[in-house]
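Subject: Structure handover

Hi,

Please open it first, then read the notes below.

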Amino acid sequence: MEAVQSRSVFFVSLGCDKNLVDSEFMLGMLKEHGWSITDEEQKADAIVVNTCCFIGDAKEESINTILEMAEYKKSGRCKVLLTAGCLAQRYQQEIRKEIPEVDAVIGTNSYDDIVHALEEAFKGETYENFHTLDGLPSLHYRSITTGGHYAYLKIAEGCDKHCTYCIIPSIRGSYRSVPMEELLAQAAELANAGVKELILVAQETTLYGIDLYGEKSLYRLLDELNQIQGLVWIRILYCYPEEIDEQLIQAVKRNEKVCHYLDMPIQHANDEILRRMGRRATRQSITDTIRKLRLEIPDICLRTTLICGFPGETQAQHEELLEFMDEIEFDRLGAFAYSPEEGTPAETFPNQVDEETKLTWQEEVMALEQDIIFDKTADMEGQAVWAFIEGKLPDENVYAARTYRDAPDIDGYVFVSGADRELMTGDFVKVRITGSLDYDLTAEIIL
């Protein structure tokens, strides 16, 4: 049998940025143990699919991707197909029965078993491993896939909220914070490797440290991260509104590297819908938090996500959500049609909303947000801001860049012209906004 060192692996990471961090740790472990990473499916001896199943569309994408990759066992070099992540954890009894081409399966808390799993599968052994959903896998040997100038730092695993529409606690376990010293070591290592923007992620970042230190400690983590040399920006995603307190607001305000940007998924604004979702916030408490943030940090950029067509939602409740959006004017917003997930309480709720209505409401939400964003981008004209260069447009002397208001892959771009030098991805430049292109901006180089 050929040596492990000569084998190559093709990796597919689906779903959220938290899943991507798991994938990067798996890639790092494989490289450390002599595997080569290929970007060509045909040339891979093994293929790994790190799956997602948060909503129906994600589940369908994961299954289709596994089936697509299974074809390379016929048309390519692939000898072993391994599935990992959320779909694997959720359907651990069914996945190999339904897709027999899968040779190995590892769960969400077992990704540090990736090397052993592949080695066993190459011996012809059927391999499955689902560690209990407590503790944390190994946090060593990470291979960054985001281009080098930004990276995600997963500060906790699991969730204790148990929202009625969400399957995450059953496939990721209870909330477990990564010890602060471990996070600071990871962050320093990333900064030494050239990472300039650190993006904090978890199922919920705002509860960081509650299990380890007896209090919410995200503010302390920000104070420590702000001192790491080489970092330019620290961005926070997945903040639950009811957990945003004065200590966190002041930490964002006082630490110059912390972006004035918060991702704050509220899901709805009607109190009855929020109650049946199992959320802890109310329309008034969300409003109060947003007013406080904008009072303390006037240039803060607020992103949210909404669910349209939750079971029992009425036309009046949907219109209340639109009214709330019009009042608050979120800077960034995404909306999803409700997806009933098996095993969640909401799946059994009466008065499920039909698909056509859900999609209509989603379209109405996004149409309103489009108007809000177009007005906000137009208001940016003339402002001077710092931006990271993300790449150059082909055949033009124009660069795509991101300001502090733009998280990678989910927000817009600013298209920068007038550079008197060749710019590289990851360069940090000062620009003046010259106009808007719907969701995006145009700018010229100042510095």
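Start with Asp45. Asp45 counts as buried because its relative accessibility is 3%. Buried means under 20% relative accessible area, exposed means over 50%, and partly exposed is in between (1.4 Å probe, protein chains only).

Some ground rules. This is a predicted model, where local features need pLDDT of at least 70 and side-chain atom pairs count only at pLDDT 80 or more, while totals for chains, interfaces and linings use all residues. Residues are numbered from 1 along each chain as its sequence is written, and side-chain values use heavy atoms, with hydrogens and water left out.

**Salt bridges**

The whole structure holds 40 salt bridges. The term covers a side-chain nitrogen of Lys or Arg within 4 Å of a carboxyl oxygen of Asp or Glu.

Asp45 is in one of them. Its side chain meets that of Arg77, at 2.9 Å from N to O. This pair links distant parts of the chain, 32 residues apart. Asp45 sits in the loop between strand E2 (36–37) and strand E3 (46–51). Arg77 sits in the loop between helix H3 (72–75) and strand E4 (80–84). Helices (H or I, at least four residues) and strands (E, at least two) are DSSP runs, numbered from the N terminus. Arg77 is partly exposed, at 39% relative accessibility.

Next, Arg254 and Asp223. Their closest N and O atoms are 2.9 Å apart. This pair also links distant parts of the chain: Arg254 is in helix H11 (residues 246–254) and Asp223 in helix H10 (residues 218–225), 31 residues apart. Arg254 is partly exposed, with 44% relative accessibility.

Then there is Arg332 with Asp411, a salt bridge at 3.8 Å, N to O. Arg332 lies in strand E14, and Asp411 in the loop between strand E16 (399–403) and strand E17 (414–417), so the pair ties together parts that are 79 residues apart in sequence. Are these two residues, Arg332 and Asp411, buried or exposed? Both are buried.

There is also a network. Lys161, Glu204, Lys216, Glu242, Glu243 and Asp245 are joined by salt bridges that share partners.

**Helix H15**

Helix H15 spans residues 355–379, 25 residues in total. From first C-alpha to last, H15 reaches 36 Å, close to the 36 Å expected at 1.5 Å a residue. The expected span is 1.5 Å times one less than the number of residues.

At the start of H15, a side-chain oxygen of Asp354 comes to within 3.2 Å of the backbone nitrogen of Glu356.

Buried residues of H15 include Trp361, Leu368, Glu369 and Lys376. What do the buried residues of H15 pack against? Their partners are helices H13 (283–296) and H14 (315–328), together with strands E13 (301–308), E14 (332–337), E18 (428–437) and E19.

**Two buried polar residues**

Glu296 lies in helix H13. Glu296 is buried, at 18% relative accessible area. Its side chain makes a polar contact with the side chain of Gln250, at 3.2 Å. A polar contact is a pair of N or O atoms within 3.5 Å; within protein, one must be able to donate a hydrogen and the other to accept it, and residues adjacent in sequence count only if both atoms are side-chain atoms. Beyond neighbours within four places in sequence, Glu296 is in contact (heavy atoms within 4.5 Å) with Ile249, Gln250 and Lys253.

Gln186 is in helix H8 (residues 180–192). Gln186 is buried, with a relative accessible area of 10%. Leaving aside neighbours within four places in sequence, Gln186 touches Phe25, Leu139, Arg142, Leu153 and Val178.

**Backbone points to check by eye**

Most residues other than glycine have a negative phi. Two residues here have a positive one.

- His162: phi of about 55°. His162 lies in the loop between strand E8 (156–157) and helix H7 (168–172). His162 is exposed, at 53% relative accessible area.
- Gln267: phi of about 75°. Gln267 is in the loop between strand E12 (258–263) and helix H12 (271–277). Gln267 counts as buried, at 10% relative accessibility.

**Near the end of the list**

Ile446 is in the segment after strand E19 (440–445). Ile446 is partly exposed, at 39% relative accessibility.

Best wishes
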